[in-house]
Amino acid sequence: MDAEQGLLLRMMIDEELLDEDSELENGDGSEELFEKKRFEVAQGQEPLRIDKYLMTRIQGATRNKVQRGIENGMVLVNGNTVKANYKVRPGDDIVTFTDTAPEDTNLKAEELPLNIVYEDDSVMLVNKVPGMVMHPGCGNYSGTLVNGALWHFQQQQPDLTEDELPRFGMVHRIDKNTSGLVIMAKTEQASVHLAKQFFNHTVERKYVALVWGDIKEDNGTITGHVGRHQRFRKIMDVYPDGEYGKEATTHYTVLERFGYTTLVECRLETGRTHQIRVHMQHIGHPLFNDDTYGGDRIVKGTVYTKYKQFVDNCFTICPRHALHAQTLGFTHPKTQERMLFESELAKDMQQVIEKWRVYTKAKNLTGEDE
């Protein structure tokens, strides 16, 4: 197997994913691992092969990588795939799909317990446990989902050596302390196909979150660009459209109210770094026990000691932000069948939700202080 097999076109470096001090290095980052770049060929441009044209406009691009991306359908001209010898013309609309995942060339296969909910020759779905990092990075070189997936793939192909194991499987990721469904591609064809589905927003992604406060509206939509905080580089923030960051849209529906907290379902249109966490914090409802965005303290409730003890007990039961990737729907890259998967909430979330449910009933909470 060629060492580059299964890798998508990596045509630029995303500085936001390479901050050495950032927790995002450890896989606690962007939901989608691909970006779309658009180029419009200027008037007066002489006919030029598209591979040469892109090499002059994409940082770090090599002819081999560009040609490989073109062959894999990761470059579109006026909405259509082309060959490497296509000559650009003035007015051509060129779109490139860019893999921004940091590459690690020293991966080790490790036997790890993985909750595989579905697998075939093209894809594998894993129900990730909270606390597991998605892929090796700064400070986390073992025990990650990718390490375990590589060992699993190696059992299916005994002759596969560690040097030949490419990290082609990830097309998206969820935060270290988020539990739930993640899809991995097992072939290059599947990687490309799934990446385009994420781009076109045809992948169905629903999350369940426990947030602070009583959300008054039963349904709502949160918009606003998501980008790194201008001062605190380890966290994200929401900015006015077009000012900074990347477009982000989250739709939410209230599932259950507990007076001082609310259980919501969040549906993603986009997949930005910490999108749900920062969007909910932006509207005044940080995720329960989210120590990055202010949810690891009492945000709503009474001043009584017993209430504080109750909340502290809840924090102990669910020692991470209460977010679970429950639903994942996609079109199978080989059969074209529409597939939909759902997973049960992680046990710590189930327990803390039940604890709030019992507390709410006992106190007859309606959202007002006792």
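Q: Why is the contact between the side chains of Lys206 and Glu204 called a salt bridge?
A: In this predicted model, the N to O distance between the side chains of Lys206 and Glu204 is 3.5 Å. The rule asks for a side-chain nitrogen of Lys or Arg within 4 Å of a carboxyl oxygen of Asp or Glu, so the pair of Lys206 and Glu204 at 3.5 Å qualifies.

Q: What makes Lys206 and Glu204 buried, partly exposed or exposed?
A: Lys206 has a relative accessible area of 22%, and Glu204 has 26%. Buried means under 20% and exposed means over 50%, with partly exposed in between; therefore Lys206 is partly exposed, and so is Glu204.

Q: How do you know that Asp51 and Arg49 meet in a salt bridge?
A: Their side chains come to 2.9 Å, N to O. The limit is 4 Å, so the pair of Asp51 and Arg49 counts.

Q: What makes Arg357 and Glu256 a salt bridge?
A: The closest N and O atoms of Arg357 and Glu256 are 2.8 Å apart, and since the rule requires them within 4 Å, the pair is a salt bridge because of that distance.

Q: Why can this pair be said to tie together separate parts of the chain?
A: Arg357 belongs to helix α7 (residues 347–363), whereas Glu256 belongs to strand β14 (residues 249–257), so the bridge links parts that are 101 residues apart in sequence. Arg357 is partly exposed at 32%, and Glu256 is partly exposed at 24%.

Q: Why is Thr360 called buried?
A: Thr360, a residue of helix α7, has a relative accessible area of 11%. The cut-off is under 20%, so Thr360 is buried.

Q: What makes the approach of Thr360 to Trp356 a polar contact?
A: A polar atom of the Thr360 side chain lies 2.7 Å from the backbone oxygen of Trp356. The limit for such a pair of N or O atoms is 3.5 Å, so the distance falls within it. Leaving out residues up to four places away in sequence, Thr360 also touches Arg257, Phe258 and Leu365.

Q: What makes a set of residues a nonpolar core, and how many residues does the largest one have?
A: The members must be buried nonpolar residues joined through side-chain atoms within 4.5 Å. The largest such core has 31 residues, and Leu145, Tyr207, Ile276 and Met280 have the most contacts inside it. Elements that each supply at least two of its residues include β8 (123–128), β10 (204–212) and α5 (275–282). The largest share, 5 residues, is from α3. Another core, of 21 residues, lies apart from it, and Tyr260, Val311, Phe315 and Trp356 are among its members.

Q: Which residues does Met280 touch beyond four places away in sequence?
A: Val211, Ile215, Ile222, Cys266, His285, Pro286 and Leu287.

Q: How many of the residues of the chain count as buried?
A: Of the 370 residues, 54% do. The chain has 7 helices and 17 strands.

Methods
Residues numbered from 1 in each chain as written. Predicted model: local features only at pLDDT ≥ 70, side-chain atom pairs only at ≥ 80, totals over all residues. Heavy atoms only, no water. Buried < 20%, exposed > 50% of the residue type's maximum accessible area, 1.4 Å probe, protein only. Helix = DSSP H or I, 4+ residues; strand = E, 2+ residues; numbered from the N terminus. Polar contact = N/O pair within 3.5 Å; in protein donor to acceptor, adjacent residues only side chain to side chain. Contact = heavy atoms within 4.5 Å.
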